[in-house]
Amino acid sequence: FAFNTSKAPGNDQNLRLALAHCLDVDDIIIAAKNGLASPAISNWGWSTFGYYDEFGAYGKDLAKAKEYLAKAFPQGKAKLTISTAGSERMAIAQVIQEQARQIGLEIQIDELEAAALTSLSAFKTAGHESMIYSLGWNSSGDDSRRAFYKNSNTNKATLTNQRIMDLIDQAVAEFDEVKRKAL
């Protein structure tokens, strides 16, 4: 799941936190994978070099979710569009849509063909508000540029954080695996 952080409403951290706190990930896993999956705390793959799992999960807390949503939409009328392609991701979007109703967030689902979704979410012209997509990682960990680097069409969150880019550049150039993993 990625919010387009370059424009409203995805550029509002309160909206992102509201959605994070209203989700029941186990329900999503049941709907999309018949319960045959494990929750992830990061989009970084478990078997990928540099995987870190100590961020902590948000956990479902509807009161907290409503507080964040009120900050994001003080006038009410909270709305978000999720763009996606494919039946599995459509099932995920539908569960998120239903869970978001519990806090007063109206979600519209925009189901597209895969090529249209790719075009809609191209970095320089990103028109999506949020999206559900998949991304494969190579196991060496140097794939992070593709997922998080400015101007990469795989950067579906449209991140432009220079600190993140600097850390990626340092890690890719580091030969010591301990130092590289820390970066």
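**Close-up views of a predicted model**

**View A. Exposed and buried residues of helix H3.** Helix H3 spans residues 62-72, and its buried residues are Ala-65, Leu-69 and Ala-72. Viewed down the axis of H3, these buried residues fall within an arc of 55 degrees, so they line one face of the helix. Helix H1 (13-22) is included in what covers the buried residues of H3.

**View B. Packing of helix H2 against helix H4.** Helix H2 comprises residues 25-33 and helix H4 residues 87-101. The two helices pack at an angle of about 145 degrees, and their axes are 8 Å apart. The crossing in which H2 passes H4 is right-handed. From H2, the residues in contact are Asp-27, Ile-28, Ala-31, Ala-32 and Lys-33. They meet Glu-88, Ala-91, Ile-92, Val-95, Ile-96 and Gln-99 in H4. Classified by residue type, the contact of H2 with H4 has seven nonpolar, one polar and three charged residues.

**View C. The cis peptide bond between Ala-8 and Pro-9.** Most peptide bonds are trans. The bond that joins Ala-8 and Pro-9 is cis, with an omega of about 0 degrees. Pro-9 lies in the loop between strand S1 (2-3) and helix H1.

**View D. Asn-151, a residue with positive phi.** Most residues other than glycine have a negative phi. Asn-151 is not a glycine, yet its phi is positive, near 75 degrees. Asn-151 is placed in the loop between helix H6 (144-148) and helix H7 (162-173). Because its relative accessibility is 42%, Asn-151 counts as partly exposed.

**View E. Thr-158, a residue with positive phi.** The loop between H6 and H7 contains Thr-158. Thr-158 is not a glycine, but its phi is positive, at about 50 degrees. Its relative accessible area is 3%, so Thr-158 is buried, the limit for a buried residue being under 20%. Asn-151, in the loop between H6 and H7, is instead partly exposed.

Note on methods: Residues are numbered from 1 along each chain as its sequence is written. This is a predicted model: local features need pLDDT of at least 70, side-chain atom pairs count only at pLDDT 80 or more; totals for chains, interfaces and linings use all residues. Side-chain values use heavy atoms; hydrogens and water are left out. Buried means under 20% relative accessible area, exposed over 50%, partly exposed in between (1.4 Å probe, protein chains only). Helices (H or I, at least four residues) and strands (E, at least two) are DSSP runs, numbered from the N terminus. The arc is that of the directions from the helix axis to the C-beta atoms. Contact means heavy atoms within 4.5 Å. Axes are lines fitted to C-alpha atoms, for helices over the stretch in contact, and angles run from 0 to 180 degrees between N-to-C directions. A crossing is left-handed if the near helix is turned anticlockwise from the far one by less than a right angle, and right-handed if clockwise. Ala, Val, Leu, Ile, Met, Phe, Trp, Tyr, Cys and Pro count as nonpolar, Asp, Glu, Lys and Arg as charged, and the others, Gly among them, as polar.
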